[in-house]
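Open the model in your viewer and keep the selection tool to hand.

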Amino acid sequence: MKTIKPTLESLNHWITELPSKIDALSELALSERTQPNKWSIKEILGHLSDSALNNLHRFVSAQYEVQPYTAVKYAQNHWVELMDYQNLPIEHILNLWLSLNKQIATVIAKIPEDKLQNSCDLGEERIVTLEWIIKDYVDHLEHHLKQIFRIL
């Protein structure tokens with residue numbers, strides 16, 4: 001757990017901090033698309049929920065599947081559109097994101113150190129460790145959260 005502890009701490013930080021930051025924003029700010037073909041803040045948070053859903057599956061499956069575990073890809077634009085985040089209340093999206101990330105934090109905290117080195121096939125001849133996928137997940141989350149707050 002030593003190697004993944006800072007990543008888990010970052011995830012828990014956002015689980016604690018994000019609700020108040022989102023609650024401080026107006027519906028207009030949350031729903032506005034700053035450019036054509038760009039996601040609104042609601043859609044970005046929805047995308048982060050989709051990412052959480054897909055990565056939760058990876059974090060669990062990579063611990064017991066035959067190695068290298070083959071990570072299933074997902075089409076993020078289709079997910080955001082079909083999940084219809086733009087037309088959902090922000091409370092719904094935020095609660096989804098919170099529930100998924102709390103569960104992810106629980107799973108990550110319980111991964112045995114040796115399982116973090118399990119290999120995962122991301123496709124295109126790219127093999128990484130479970131630890132790498134976990135760190136990449138939180139890096140991706142923080143990238144989009146910076147994007148959200150830069151929009152404002």
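The axes of H3 and helix H4 (residues 76-83) come within 9 Å and cross at roughly 115°. Axes here are lines fitted to C-alpha atoms, for helices over the stretch in contact, and angles run from 0 to 180 degrees between N-to-C directions. Angles under 35 degrees count as roughly parallel, over 145 as roughly antiparallel, 65 to 115 as roughly perpendicular and the rest as oblique. Helices (H or I, at least four residues) and strands (E, at least two) are DSSP runs, numbered from the N terminus.

The crossing of H3 and H4 is right-handed; that word applies if the near helix is turned clockwise from the far one by less than a right angle, and left-handed if anticlockwise. Show side chains for Glu 43, His 47, Asp 50, Leu 53 and Asn 54 on H3, which touch Gln 76, Trp 79, Val 80 and Met 83 on H4, where contact means heavy atoms within 4.5 Å. Coloured by class, this contact has four nonpolar, three polar and two charged residues. Ala, Val, Leu, Ile, Met, Phe, Trp, Tyr, Cys and Pro count as nonpolar, Asp, Glu, Lys and Arg as charged, and the others, Gly among them, as polar.

A note on what you are viewing: this is a predicted model, in which local features need pLDDT of at least 70, side-chain atom pairs count only at pLDDT 80 or more, and totals for chains, interfaces and linings use all residues. Residues are numbered from 1 along each chain as its sequence is written, and side-chain values use heavy atoms, with hydrogens and water left out.

Among the contact residues are Leu 45, Ala 52 and Phe 59 of H3 and Ile 93, Leu 100 and Val 107 of H5. The contact of H3 with H5 divides into 16 nonpolar, four polar and one charged residue.

Helix H1 (residues 5-23) and helix H5 (residues 90-109) pack at about 165°, with axes 10 Å apart, so H1 is roughly antiparallel to H5. H1 passes H5 in a left-handed crossing. Residues to pick include Leu 11, Trp 14 and Ile 22 in H1, and Trp 97, Lys 102 and Ala 105 in H5.

Two backbone stops come next. Most residues other than glycine have a negative phi, and most peptide bonds are trans. Zoom in on Gln 67 and Pro 68: the peptide bond between them is cis, with omega near -5°. Pro 68 sits in the loop between H3 and strand E1 (69-70). Then go to Glu 124, not a glycine, yet with a positive phi of about 55°. Glu 124 is in the loop joining strand E2 (119-121) and strand E3 (127-129).

Which residues are closest to the centre of the largest pocket? The pocket has a volume of about 430 Å³, and of its 17 lining residues, Asn 55, Arg 58, Tyr 74, Leu 122 and Asp 136 are closest to the centre. On a 1 Å grid over the protein atoms alone, a cavity is a set of points where a 1.4 Å probe fits but cannot get out, and a pocket is an open set with protein on both sides within 12 Å along at least five of seven lines; lining residues have an atom within 4 Å of a point. Grid points are joined across faces, edges and corners, and a volume is the space filled by probe spheres set on the points. H6 gives the largest share of the lining, five residues.
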